[in-house]
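Have the viewer open while you read.

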Amino acid sequence: MSKLIITRTSEWNNRAREFGIYIDNEKIGTISNGETQEFDIEPGKHKINGKIDWCKSPIMEFEIVSNESKEIEIGGFKNSKIIMPIGLAIMPLFFLIKFLLKIESNLLILFVGIGFLFPLYYMTIGKNKYLTIREKID
């Protein structure tokens, strides 16, 4: 048997939900936030992807030989660790400037809008790229 080691990155925006792990279109298990799991699989060519709700990762093909270990990393959409916190931090700043300082700042509205449109793309049109998956290279 060969061993597939899957590591999920730690992120706050998908923390409460598990990712489903699929090999050759069959669910082999789930993985929680920041967790690493090992699966025994048959040697040969395989396709792997992750799913969360209606969103998923692109399908990645890999080949594994007998008694080999392969490491895969799965996580949220690109730049999700940066975009969401920035968008959430700008929103209270906008209200502070608008209501306490009585200054109109349309530029902050633009930044907040971009901060929320970016993830909205990955939850709708880009739902097949919501998760990232790659082979870990040490």
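Predicted model: local features only at pLDDT ≥ 70, side-chain atom pairs only at ≥ 80, totals over all residues.

What follows covers the ground rules, the sheet, the salt bridges, a surface patch and an aromatic pair.

## Ground rules

Residues are numbered from 1 along each chain as its sequence is written, and side-chain values use heavy atoms, with hydrogens and water left out.

## The sheet

Let's start with the strands (DSSP runs of E, at least two residues, numbered from the N terminus, just as helices are runs of H or I with at least four). Four of them make an open sheet in the order 4-1-8-9, with mixed pairing; two strands pair if DSSP finds at least two bridges between them. Strands 4 and 9 are at the edges with a single partner strand each, so one side of each has no neighbour in the sheet. From one strand to the next, the twist averages 25°, with axes taken as lines fitted to C-alpha atoms (for helices, over the stretch in contact) and angles running from 0 to 180 degrees between N-to-C directions.

Strands 8 and 9 are antiparallel partners, joined over 4 bridges.

## Salt bridges

Side chains of opposite charge can pair when their charged atoms come close. Here the test is a side-chain nitrogen of Lys or Arg within 4 Å of a carboxyl oxygen of Asp or Glu, and the whole structure gives 6 salt bridges. Among them is lysine 3 with glutamate 38, where the closest N and O atoms are 3.4 Å apart. Lysine 3 sits in strand 1 (residues 2-8) and glutamate 38 in strand 4 (residues 36-41), so this pair ties together parts 35 residues apart in sequence. Lys3 and Glu38 also belong to a salt-bridge network with Asp40. On accessibility (buried is under 20% relative accessible area, exposed over 50%, partly exposed in between, with a 1.4 Å probe and protein chains only), lysine 3 is partly exposed at 29%, while glutamate 38 is exposed at 52%.

Aspartate 53 and arginine 17 form another salt bridge, with 2.3 Å between the closest N and O atoms. The aspartate is in the loop between strand 5 (44-52) and strand 6 (55-56), the arginine in the loop between strand 1 and strand 2 (19-23), so the pair ties together parts 36 residues apart in sequence. Then there's lysine 136 with glutamate 71, at 3.9 Å between the closest N and O atoms. That pair links distant parts of the chain: the segment after strand 9 (132-135) and strand 8 (residues 69-75), 65 residues apart.

## Surface patch and aromatic pair

Leu93, Leu96, Leu100, Leu101 and Ile103 make a nonpolar surface patch of about 480 Å². Patch members have over 30% relative accessible area and no salt bridge; like charges are joined within 9 Å, nonpolar side chains (Val, Leu, Ile, Met, Phe, Trp, Tyr) within 5 Å. Areas come from the Shrake-Rupley method with a 1.4 Å probe, and for residues only the protein chains shown count as cover. Leucine 93 is in helix 1 (residues 80-100) and is partly exposed at 38%.

How many aromatic pairs are there? The count is 1, where rings of Phe, Tyr and Trp (its six-membered ring) pair with centres within 6.5 Å, and planes under 30 degrees apart are stacked, over 60 edge-to-face and the rest tilted. Tyrosine 121 and tyrosine 122 are edge-to-face, 5.0 Å centre to centre with 75° between the planes. Tyrosine 121 is partly exposed at 35%, whereas tyrosine 122 is buried at 12%.
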